[in-house]
Amino acid sequence: MLSNIFGRREDEERIRKEGRLPPGQALTNRFPVLHYGPVPPFNAATWDVRVFGEVEQEVRWTWDEFSKLPRAKLKMDIHCVTRWSKFDTEWEGVTIDDLFAAAGITP
């Protein structure tokens, strides 16, 4: 356990020297718990997402339809206002740009 702590500190110092760690931030290698209370259950049969309002055409996807949309992969650093930073975080999913394009966002 102590080697993990010291390893994190070494990584933090290296990243700070590279200029990637903003002042006042601390490196984390894990995601902090960012919710309070129980996580609601997921039900694919009732899940949907809808883009509506100032659009040319309202669109709605079920979970099955949404799962078949093109996916993008991103790698980024996250700097939280609670003073932690997590580096080189990999994400994959449907982009909001693709959802907005399907609906035709109006000016």
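Close-up 1. Leu21 is located in the loop that joins α1 (2–17) to β1; helices (H or I, at least four residues) and strands (E, at least two) are DSSP runs, numbered from the N terminus. Leaving aside residues up to four places away in sequence, Leu21 touches Glu12, Ile15, Arg16, Ala26, Leu27, Ser85 and Phe87, where contact means heavy atoms within 4.5 Å. Computed along the chain, Trp84 is 63 residues from Leu21, while in space the two are 9.4 Å apart, C-alpha to C-alpha.

**Close-up 2. The open sheet.** Three strands, in the order β1-β5-β4, make up an open sheet with mixed pairing, two strands being taken to pair if DSSP finds at least two bridges between them. Its edge strands, β1 (26–27) and β4 (72–79), each pair on one side only.

Close-up 3. Seven bridges link β4 to β5 (residues 84–93) in the antiparallel sense; Ile78 stands opposite Lys86 in β5, and Lys73 has Glu92 in β5 as its bridge partner. Four residues lie between the two strands of this hairpin, and Arg83 in the turn has a positive phi of about 80°.

**Notes on the model.** This is a predicted model, in which local features need pLDDT of at least 70 and side-chain atom pairs count only at pLDDT 80 or more, whereas totals for chains, interfaces and linings use all residues. Residues are numbered from 1 along each chain as its sequence is written, and side-chain values use heavy atoms, with hydrogens and water left out.
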